[in-house]
Amino acid sequence: MGRWALDVAFVWRAVLTLGLVLLYYCFSIGITFYNKWLTKSFHFPLFMTMLHLAVIFLFSALSRALVQCSSHRARVVLSWTDYLRRVAPTALATALDVGLSNWSFLYITVSLYTMTKSSAVLFILIFSLIFKLEELRAALVLVVLLIAGGLFMFTYKSTQFNMEGFALVLGASFIGGIRWTLTQILLQKADLGLQNPIDTMFHLQPLMFLGLFPLFAIFEGLHLSTSEKIFRFQDTGLLLRVLGSLFLGGILAFGLGFSEFLLVSRTSSLTLSIAGIFKVTATLNPRRGWAPTPTWSCCSGAASQRKGIMRRRRRRTLWPRDSSDQPG
């Protein structure tokens, strides 16, 4: 009877994990291609990101209000001291990561974006060493070299390589390393009470919006104010279609953020990272027209990156106590 109960519990956990991974796949792959499609006709990625942040905050606040009404328990609200001192760095890093990533869609393909963005694990390892969440070891150096070498081979002599877009994604990956390291530290602070994904997103979005606004004002403010698609519109139908498309993207962004935090909180960041590797494989499928026919250098680079990531994840599976569990 006890063995049967353990088997049922194991199957239930496996089914739950699979469901969470599939939920993450739907939103992650969906928003990647949706944003790429939208930026072909709407050339204001920073404004798009800011609107997404506003939609996420709106849905988070609505969800918190519904849960509070049903449970009759007050949701966590941080003090201004904790909010600015502990949440602000994470929010700013997250805003720059998302904003630069969406900005890069104006210049590069989804395939180059996906593989370059996967290098974020390299910067996560580096900042984990800086914040002393990791210990320097030979195996760690090997992983870093495999990922860095894979990134170089993948982008070397690429037929669709764009330096400006590549720099934006690489900058987003660098900031993403800071983002996930700070997120790990933030989630480990049990006294803050931000373990719930809805509460975390609710507190992050306002500072993310404010952090991204200066970039928007400098690079897109003037052009957007004179654009006929938003402020100087002449066709009401066109304006409604644009706003509807942006709002739909915000819903996808909310689902992505919720699924990421939910997957990490219910399983581990190891599961999220492995799921991300298979997401890269699905995204870079030339037979479906999602990516150009890969060259030998491209395939070697992709294989090297995946080998480095899998080596890192396998080590954490075999020796979980030797390293902290970082989102990848």
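I count a contact when heavy atoms lie within 4.5 Å.

**Ground rules.** I am reading a predicted model, where local features need pLDDT of at least 70, side-chain atom pairs count only at pLDDT 80 or more, and totals for chains, interfaces and linings use all residues. Residues are numbered from 1 along each chain as its sequence is written, and side-chain values use heavy atoms, with hydrogens and water left out.

**Overall layout.** I took helices (H or I, at least four residues) and strands (E, at least two) as DSSP runs, numbered from the N terminus. The chain has twelve helices and zero strands. Next I checked burial. I call a residue buried under 20% relative accessible area, exposed over 50%, and partly exposed in between (1.4 Å probe, protein chains only). Of the 328 residues of the chain, 47% count as buried. For surface I used accessible areas from the Shrake-Rupley method with a 1.4 Å probe; for residues, only the protein chains shown count as cover. The chain exposes about 16800 Å². Carbon and sulfur atoms supply 68% of that area.

I looked for surface patches. These are made of residues with over 30% relative accessible area and no salt bridge; like charges are joined within 9 Å, nonpolar side chains (Val, Leu, Ile, Met, Phe, Trp, Tyr) within 5 Å. F10, V11, W12, V15 and L16 make a nonpolar patch of about 530 Å². I picked out W12, which lies in helix α1 (residues 2–39). W12 is exposed, at a relative accessible area of 58%.

**Helix α5.** Is helix α5 (residues 120–130) largely enclosed or open? Eight of its eleven residues are buried, so the rest of the structure largely encloses α5. I listed the buried ones: A120, V121, L122, F123, I124, L125, F127 and S128. Just after α5, I noted that K132 takes a positive phi of about 60 degrees.

**S245.** I found S245 in helix α10 (residues 236–266). S245 is buried, with a relative accessible area of 18%. Leaving out residues up to four places away in sequence, S245 touches Y34 and L38.

**Salt bridges.** I required a side-chain nitrogen of Lys or Arg within 4 Å of a carboxyl oxygen of Asp or Glu. How many salt bridges does a search of the whole structure find? It finds six.

- R85 pairs with D82, the closest N and O atoms being 3.7 Å apart. Both lie in helix α3 (residues 80–104), three residues apart, about one turn of the helix. R85 is exposed, at 54% relative accessible area.
- K117 pairs with D97, with the closest N and O atoms 3.0 Å apart. K117 lies in helix α4 (residues 110–117) and D97 in helix α3, so this pair ties together parts 20 residues apart in sequence.
- D97 also meets R179 in a salt bridge, at 2.8 Å from N to O. D97 is in helix α3 and R179 in helix α7 (residues 163–188), so the pair ties together parts 82 residues apart in sequence. I found D97 buried at 2% and R179 buried at 13%.
- R64, R75 and D199 are linked in a network of salt bridges.

I came back to R64 for its charged end. A charge sits over a ring if NZ of Lys or CZ of Arg is within 6 Å of the ring centre and within 35 degrees of the ring normal. The charged end of R64 sits over the ring of F202, 4.1 Å from its centre.

**Aromatic rings.** I paired rings of Phe, Tyr and Trp (its six-membered ring) if their centres lie within 6.5 Å; planes under 30 degrees apart count as stacked, over 60 as edge-to-face and the rest as tilted. The count comes to 15 aromatic pairs. The rings of Y24 and Y25 have centres 6.1 Å apart and planes at 40 degrees, so that pair is tilted. Y24 is buried, at 6% relative accessible area.

F213 and F216 form another tilted pair, 5.9 Å centre to centre with 50 degrees between the planes. They are three residues apart in helix α8 (residues 197–219), about one helical turn. F213 is partly exposed at 40%, whereas F216 is buried at 12%. Ring pairs link F42, F44, F47, F213 and F216 into a cluster.
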